[in-house]
Amino acid sequence: MSLRKIGPLQVGAIGLGCMNLSQGYGARPSDEQGERVLLAALDGGVDFFDTAALYGFGHSEELIGRVLKAHRSRFTLASKGGMAGVSFPDGVKRVIDGSAQAIRRNCEDSLRRLQTDVIDLYYLHRWDKRVPIEDSVGAMADLVSAGKVRALGLSEVSCATLRRAQAVHPIAAVQSEYSLWTRNAEIGVLDLCRELGAAYVAFSPVARGFLCAEQFDPQALLPNDLRRSMPRFQGEAYVANLKVQAAYTRIARAAGCTPAQLALAWLLHKAPHIVPIPGTTSVPHLREDLAAADIRLSAEVMAQLEATVNTGSITGQRYSPQASGEVDTEAL
Ligand SMILES: NC(=O)c1ccc[n+]([C@@H]2O[C@H](COP(=O)([O-])OP(=O)(O)OC[C@H]3O[C@@H](n4cnc5c(N)ncnc54)[C@H](OP(=O)(O)O)[C@@H]3O)[C@@H](O)[C@H]2O)c1
């Protein structure tokens, strides 16, 4: 796989998102299946694994620690803090907390679960708007000084927040949603990352299955499936979006690749500082996704794609009002 730069780090063009091995879409796969996916990724040339304290409330990090510990020198490890599971009398709940104390605690917990001495890229998962970004990034900078993390990143931030953070410590990467159907990055953050020499790590790069030509009955999704609360996957919006999906699938067929590969190849062609991190619970899907790194798209296909799947042709917001309130991204 060709290499891309993330601040001081270099990684293969496509990484693996490891949320899906613990939560996300449908039932959690067994740990045996998670292990198969992680090892197949390593065998397939993946050298960039993305996880977070939040995913499965520590489960994703524990799995990675157990399965990949013996291979630690072969990959760049990214994790995130500032949003994690916290125990309450009625169970563990997701809490956004960007205080210095929480960041230090999250990082220590992650290091322990990951069974490693250092996390290569440590992101603030969400900017906690009650805490100045300078304070959260300052606490993360202390983790760099202490040798616990190597480089810093932010997730779902605006240009204004990114600039304020960069004034405290160099930001190696911004990780936010980017795909043909979610173009917020194009408002400003993508360009600002290029200007600052930071990578743009694209999460949900295959649009949570939508750009894989996946179709389902939204009513039949499991209660904890993230798509259940996403307006684009609901009711008339979803029906309208499936028509766009059909046109998109025809472009993939004509381009000689699968829909999932086309979505990833489009991102890789958009700019050299973009690193997509698709997530999957399936080894065949993983192999299909990784092969996208070798696909070449003509300018004509790029234009055709952008004209077909864009903010105008897609119906519905990407997030529910509650989730939108938790992000700091420039909204479309
Ligand atoms: N920073 C953040 O706030 C944030 C938010 C969301 C995600 N992330 C990160 O980004 C990663 C990826 O994002 P995501 O999982 O939300 O979205 P995604 O990668 O766009 O989509 C994942 C979905 O696509 C399906 N899929 C993947 N490849 C496929 C293929 N070749 N054919 C058919 N279906 C395929 C998967 O199903 P199968 O399992 O059946 O393959 C899964 O349902 C996560 O794992 C996580 O690390 C970060």
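A word on the ground rules before we set off. The model is predicted, so local features need pLDDT of at least 70 and side-chain atom pairs count only at pLDDT 80 or more, while totals for chains, interfaces and linings use all residues. Residues are numbered from 1 along each chain as its sequence is written.

Let's start with the whole chain. It has 11 helices and 12 strands; these are DSSP runs numbered from the N terminus, with helices being H or I of at least four residues and strands E of at least two. The C-alpha trace spans about 50 × 45 × 40 Å along its principal axes. For 332 residues, a compact globule would have a radius of gyration near 20 Å, and the 19 Å of this chain agrees with that. Here the radius is taken over C-alpha atoms, and the globule rule is 2.2 Å times the number of residues to the power 0.38. Of the 332 residues, 48% are buried, where buried means 20 or more other C-beta atoms within 10 Å of the residue's own, exposed means 12 or fewer, partly exposed is in between, and C-beta atoms are placed from the backbone. Among contacts between residues at least 6 apart in sequence, 78% join residues at least 24 apart; a contact needs C-beta atoms, placed from the backbone, within 7 Å.

Now for the helix pairs. Helix 7 (235-255) packs against helix 10 (residues 299-308) at an angle of about 170°, their axes 10 Å apart. Axes are lines fitted to C-alpha atoms, for helices over the stretch in contact, and angles run from 0 to 180 degrees between N-to-C directions. Helix 7 and helix 10 are therefore roughly antiparallel. The classes are: under 35 degrees roughly parallel, over 145 roughly antiparallel, 65 to 115 roughly perpendicular, and the rest oblique. Val244, Ala247, Tyr248, Ile251 and Ala255 of helix 7 meet Val301, Gln304, Leu305 and Thr308 of helix 10. By class, this contact has 7 nonpolar, 2 polar and no charged residues. Ala, Val, Leu, Ile, Met, Phe, Trp, Tyr, Cys and Pro count as nonpolar, Asp, Glu, Lys and Arg as charged, and the others, Gly among them, as polar.

Helix 2 (residues 59-68) and helix 3 (residues 100-114) pack at about 40°, with axes 7 Å apart, which makes helix 2 oblique to helix 3. Glu61, Glu62, Ile64 and Gly65 of helix 2 and Ser110, Arg113 and Leu114 of helix 3 make the contact, giving 2 nonpolar, 2 polar and 3 charged residues.

Next, the backbone angles. Most residues other than glycine have a negative phi. Glu156, however, has a phi near 55°; Glu156 sits in the loop between strand 9 (149-155) and helix 5 (159-166) and is buried, with 23 other C-beta atoms within 10 Å. Arg208 has a positive phi of about 60°, lies in the loop between strand 11 (199-203) and helix 7, and is buried with 25 C-beta neighbours inside 10 Å.

Val327 lies after helix 11 (321-326) and is partly exposed, with 19 C-beta neighbours inside 10 Å. Val327 and Trp127 are 200 residues apart in sequence, yet 7.3 Å apart in space, C-alpha to C-alpha.

Finally, the ligand. Of the 29 residues around the ligand, Gly17, Met19, Phe203, Gly279 and Thr280 come nearest; a residue is near a molecule if its C-beta atom, placed from the backbone, lies within 6 Å. By class, this shell has 11 nonpolar, 12 polar and 6 charged residues. Helix 9 (residues 283-290) gives the largest share of the shell, 3 residues.

Technical notes: Two residues are in contact if their C-beta atoms, placed from the backbone, lie within 7 Å.
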